[in-house]
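Here is a short briefing to read alongside the model. Please keep the viewer open as you go through the points.

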Amino acid sequence: WKIPVYVLLYSLFFTISPWASEVAEFMCDPKNDFEHGKVYRLFEHDGTVDIPRCIHMVPRIMVPSMIPRLIIYMYSVKGAVEFMRCHPANDGS
């Protein structure tokens with residue numbers, strides 16, 4: 001149940017949450033240098049950033065970016081379940 005909740009909350013945070021527009025504005029403003037321009041540099045042309053387009057595209061960039069983290073998380077959950085099953089203290093339970 002943790003993985004679907006993670007997907008839901010992450011997706012909602014960047015799409016319809018009350019903070020979505022503020023977060024997008026913060027990520028797209030070059031003055032904030034969010035993660036060294038990882039997002040706004042995608043919309044930089046001739047030294048200027050198309051901030052309105054960047055703000056509009058943040059959900060389309062961030063929601064798919066969770067896929068690698070989701071794969072890692074699913075693998076770690078699988079590892080935890082396997083460890084739990086093979087641990088001697090869990091025999092018979």
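A residue is called buried when its relative accessible area is under 20%, exposed when over 50%, and partly exposed in between (1.4 Å probe, protein chains only). Helices (H or I, at least four residues) and strands (E, at least two) are DSSP runs, numbered from the N terminus. This is a predicted model, in which local features need pLDDT of at least 70 and side-chain atom pairs count only at pLDDT 80 or more, while totals for chains, interfaces and linings use all residues. Residues are numbered from 1 along each chain as its sequence is written, and side-chain values use heavy atoms, with hydrogens and water left out.

**Helix H2**

- Helix H2 spans residues 20-28, and its residues Ala20, Val23, Ala24, Met27 and Cys28 are buried.
- Seen down the H2 axis, these buried residues fall within an arc of 125 degrees, so they line one face of the helix; the arc is taken from the directions from the helix axis to the C-beta atoms.
- Helix H1 (2-15), strand S2 (48-49) and helix H3 (51-86) are among the elements that cover the buried residues of H2.

**The nonpolar core**

- A nonpolar core here is a set of buried Ala, Val, Leu, Ile, Met, Phe, Trp, Tyr and Cys residues joined through side-chain atoms within 4.5 Å.
- The largest such core has 15 residues, and those with the most contacts inside it are Phe14, Met27, Val39, Cys54, Val58 and Met62.
- H1, H2 and H3 are the elements that give two or more residues to this core, and the largest share, five residues, comes from H3.
- In soluble globular proteins, nonpolar side chains tend to be buried together.
- Beyond its neighbours within four places in sequence, Cys54 is in contact with Cys28, Val39, Tyr40 and Phe43, where contact means heavy atoms within 4.5 Å.

**Loops and backbone**

- His36 sits in the loop between H2 and strand S1 (44-45) and has a positive phi of about 60 degrees although it is not a glycine.
- His36 is exposed, at a relative accessible area of 60%.
- Asp46, in the loop between S1 and S2, also has a positive phi, of about 55 degrees, without being a glycine.
- Asp46 counts as exposed at 82% relative accessibility.
- Ile16 lies in the loop between H1 and H2 and is exposed, with a relative accessible area of 66%.

**Salt bridge**

- A search of the whole structure finds one salt bridge, defined as a side-chain nitrogen of Lys or Arg within 4 Å of a carboxyl oxygen of Asp or Glu.
- Lys38 and Glu35 meet through their side chains in a salt bridge, at 2.7 Å from N to O.
- Lys38 is exposed at 53% relative accessible area, whereas Glu35 is partly exposed at 43%.
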